[in-house]
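Here is a short report for a reader meeting this structure for the first time. Please look over the sequence and the model before reading on.

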Amino acid sequence: MTTPVDPRQRPIAVFDSGVGGLTVLHELLVSLPNEDYLYLGDDARFPYGERSPAELERFSLEIAEEMLSRRAKLLVVACNSATAVALPALRTRMMETTLGLDVLGVVKPEALQAVATTRNGRIGLLATTATVASSAYADAVAAADPHVTLVSVACPDLAPIIQSGDVGGTGISEQVVEVVRGYTRELRDADVDTVILGCTHYPLVRPMLQRFLGRAVTIVTSGAALARQVEHALSLRGLASERRDPGDYAFLCTGDPEAFRAIGTRFLQMPLTDVEHVELRRQAVA
């Protein structure tokens, strides 16, 4: 992907701890098909869900520097754990750049959508340990409506099982079924009518989640709501692409490119182009 002079022609950067953020990229490709995209999966350090806040902030800033070096015009944090912990540091760093990049995360769009959706004022959250511990969703829900109750369930095993390839292939093991059943039990007992999928890996098991939660429960994911925020941010900054033909998309990963490509196809639900391996430089960012 060549570096354009016109900022409107630069790519939108999207990153995640692995392939889960490709579910967000899919929504962006559908909603904003004329934009170029650059996706980075930090699969060498996956999963993020059990990392410390300091690690998550450092990893996110390292990725942001890589995206800056590739002339991105906007940064989308498709990882819920990174959004929950590192968003303030990322926004500070991006505002120091010449273009002054906007940084959008997955937490607030989901929280607002869930609050607008719930009928009985009881919302469930399925997320990683780091995301639940951060209270980012609890704070976002409370800010939108202090009278809504959020029931949070940490799911430390779910994203690794999904990333490992045990979901979305030729079959689903009984282990996955039991893990999902266990995580949804507390939400059923709490009588929630809306559930936030607080990890971008989780949409791959959405049909199973719906079965255990029940037909009356509305499941909220981040992709569509975040795509609307991206469109709004580009419009406000005058950075929306003016091309009429479909844009390009490219992929970077910190682990094995072939493994990323094989697994990522299931998440993106579209063919993946070549995947470039990158080594992120550890650096202190002011």
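Two strands count as paired if DSSP finds at least two bridges between them. The model discussed here is predicted.

Strand E1 (residues 12-16) and strand E3 (residues 74-77) pair over four bridges, in the parallel sense.

Six strands form an open sheet, in the order E4-E3-E1-E2-E9-E10, and the pairing is parallel. Which strands stand at the edges? They are strand E4 (102-105) and strand E10 (275-277). Each has a single partner strand, so one side of each is left without a neighbour in the sheet. On average, neighbouring strands of this sheet are turned by 20° against each other, direction ignored. Strands of a sheet pair through backbone hydrogen bonds, either parallel or antiparallel.

**Helices across the sheet**

Helix H1 lies across E1, strand E2 (37-41) and strand E9 (249-253). H1 runs at about 175° to E2. Helix H11 (residues 257-268) lies across E2, E9 and E10. The angle of H11 to E9 is about 130°.

His 26 sits within H1, which spans residues 22-31. A polar atom of the His 26 side chain lies 2.8 Å from the backbone oxygen of Leu 268. Leaving aside neighbours within four places in sequence, His 26 is in contact with Leu 268, Gln 269 and Met 270.

Ser 17 is found in the loop between E1 and H1. What does Ser 17 touch, not counting residues up to four places away in sequence? Its contacts are Gly 41, Asp 42, Asp 43, Phe 46, Tyr 48, Cys 79 and His 201.

Ala 86 lies in helix H3 (residues 80-94). Leaving aside its neighbours within four places in sequence, Ala 86 is in contact with Leu 56, Glu 57 and Ser 60. The C-alpha atoms of Ala 86 and Leu 61 are separated by 8.1 Å, and these residues are 25 apart along the chain.

**Strand E5 and its partners**

E5 covers residues 122-127. Five of its six residues are buried, so E5 is largely enclosed by the rest of the structure. Six bridges join E5 to strand E6 (residues 149-154), and the two run parallel. Ile 123 stands opposite Leu 150 in E6. E5 also pairs with E7, again in the parallel sense, over five bridges. Here Leu 125 stands opposite Ile 196 in E7.

**Helix H9**

Helix H9 takes in residues 206-213, and its buried residues are Met 208, Leu 209, Phe 212 and Leu 213. Why do they line one face of the helix? Seen down the axis of H9, the buried residues fall within an arc of 130°, so they line one face. The face turned away from this buried side carries the exposed residues Pro 207 and Arg 211.

What do the buried residues of H9 pack against? They pack against strand E5, helix H8 (174-189), strand E7 (194-198) and strand E8 (218-220). Just after H9 comes Gly 214, with a positive phi of about 105°.

**Cysteines**

A disulfide is a covalent bond between the sulfur atoms of two cysteines. How many disulfides does the model hold, if the two sulfur atoms must lie within 2.5 Å? The count comes to zero. Cys 155 is in no disulfide, and its nearest cysteine sulfur, that of Cys 199, is 8.7 Å away. For Cys 199, the closest cysteine sulfur is in Cys 79, at 7.0 Å, too far for a bond.

**Burial of single residues**

The table gathers relative accessible areas for residues named above. Buried means under 20%.

| Residue | Relative accessible area | State |
|---|---|---|
| His 26 | 18% | buried |
| Ser 17 | 4% | buried |
| Ala 86 | 1% | buried |
| Cys 155 | 1% | buried |
| Cys 199 | 8% | buried |

At 18%, His 26 counts as buried because the limit is under 20%.

Note on methods: Residues numbered from 1 in each chain as written. Predicted model: local features only at pLDDT ≥ 70, side-chain atom pairs only at ≥ 80, totals over all residues. Heavy atoms only, no water. Buried < 20%, exposed > 50% of the residue type's maximum accessible area, 1.4 Å probe, protein only. Arc of directions from axis to C-beta. Contact = heavy atoms within 4.5 Å. Polar contact = N/O pair within 3.5 Å; in protein donor to acceptor, adjacent residues only side chain to side chain. Disulfide = S-S within 2.5 Å. Axes fitted to C-alpha atoms, helices over the stretch in contact; angles between N-to-C directions.
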